[in-house]
Amino acid sequence: MLILEIRTEGDPVLRETAKPVKIIDGKMRDLARDMLETMYSAPGVGLAAPQVGIPVRLIVIDAGDGPRTLFNPEIVWRRGEAVDDEGCLSVPGMIGTVTRSAEVEVIAYDRDGKLVSVRGKGFLARILQHEIDHLDGVLYIDKAENVRPVEEECEESQCSEGD
Ligand code: NI
């Protein structure tokens with residue numbers, strides 16, 4: 001296992017449109033495994049491949065219910081609106097307030113190449129939208145209001161930083 005270097009804002013790879021994954025082979029599974037390791041060690045709740053310098057459509061997340069690996073994720077349904085703070089491992093030390101869909105359904109391929117559907121609301125919906133944005137070269141700071149340094153109180157509470 002490997003802890004990968006997380007690219008930060010200003011690195012052009014974060015602004016690329018990531019390429020679809022054509023074949024989920026051992027190399028891709030290894031990348032997903034290393035990304036999960038990197039995410040947990042950060043610590044964070046989500047990571048997209050461009051954040052480790054590889055512009056392919058792969059995200060890993062853990063909204064508190066275990067790891068998920070999603071290749072070529074696509075939002076196929078959304079509902080409602082939710083406003084909350086979020087942060088990003090590629091924009092260290094900052095948080096901002098982002099309006100997103102309250103619920104989403106995502107289809108993707110899992111690490112075995114099986115087509116899966118993930119339907120989520122709240123924290124899970126937010127992470128999914130944040131990570132899928134990374135695949136299109138979008139950072140949360142592009143959409144956020146009131147981007148500001150993380151405060152002590154926030155690090156200890158439920159502020160959803162670190163995805
Ligand atoms: Ni992020």
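## A charge over a ring

The charged end of arginine 119 sits over the ring of tryptophan 77, at 4.0 Å from the ring centre, where a charge is taken to sit over a ring if NZ of Lys or CZ of Arg is within 6 Å of the ring centre and within 35 degrees of the ring normal. The model is predicted, and local features therefore need pLDDT of at least 70 and side-chain atom pairs count only at pLDDT 80 or more, while totals for chains, interfaces and linings use all residues. Residues are numbered from 1 along each chain as its sequence is written, and side-chain values use heavy atoms, with hydrogens and water left out. A search of the whole structure finds zero aromatic pairs, a pair being two rings of Phe, Tyr or Trp (its six-membered ring) with centres within 6.5 Å.

## The nickel site

The nickel ion has as its protein donors Cys88 (SG), His130 (NE2) and His134 (NE2), which lie 2.1 to 2.2 Å from the ion; donors are N, O and S atoms within 2.8 Å of the metal (3.2 Å for Na, K and Ca), and because water is not among the atoms, sites may look incomplete. Along the chain these donors follow the spacing C-x41-H-x3-H. Cysteine 88, in the loop between β4 (82-86) and β5 (94-100), and histidine 130, in helix α2 (residues 122-135), are 42 residues apart, and the pair links distant parts of the chain. Helices (H or I, at least four residues) and strands (E, at least two) are DSSP runs numbered from the N terminus.

| Residue | Relative accessible area | Class |
|---|---|---|
| Cysteine 88 | 4% | buried |
| Histidine 130 | 2% | buried |
| Aspartate 133 | 13% | buried |
| Glutamate 16 | 35% | partly exposed |

Glutamate 16 belongs to the segment before α1 (26-41). Contact means heavy atoms within 4.5 Å, and beyond its neighbours within four places in sequence glutamate 16 is in contact with Pro55, His134, Leu135, Asp136 and Gly137.

## Helix α2

Helix α2 is mostly covered, since twelve of its 14 residues are buried, among them Arg126, Gln129 and Glu131. The 14 residues of α2 should span 20 Å at 1.5 Å a residue, and its end C-alpha atoms are 21 Å apart, which agrees; the expected span is 1.5 Å times one less than the number of residues. Aspartate 133 lies in this helix and, leaving aside its neighbours within four places in sequence, is in contact with Arg100, Val138 and Lys143. Just after α2, glycine 137 takes a positive phi of about 75°.

## Nonpolar cores

A nonpolar core is a set of buried Ala, Val, Leu, Ile, Met, Phe, Trp, Tyr and Cys residues joined through side-chain atoms within 4.5 Å. In the largest one, which has 17 residues, Ile59, Ile61, Leu70 and Leu128 touch the most other members. The elements giving two or more residues to this core are β2 (58-61), β6 (103-109), β7 (115-121) and α2, of which α2 gives the most, with six residues. Not counting residues up to four places away in sequence, isoleucine 61 touches residues including Leu36, Met39, Val45, Leu124, Ile127 and Leu128. A second, separate core of 16 residues includes Met28, Ala32, Leu47 and Phe71.

Technical notes:
Buried means under 20% relative accessible area, exposed over 50%, partly exposed in between (1.4 Å probe, protein chains only). Rings of Phe, Tyr and Trp (its six-membered ring) pair if their centres lie within 6.5 Å; planes under 30 degrees apart count as stacked, over 60 as edge-to-face and the rest as tilted.
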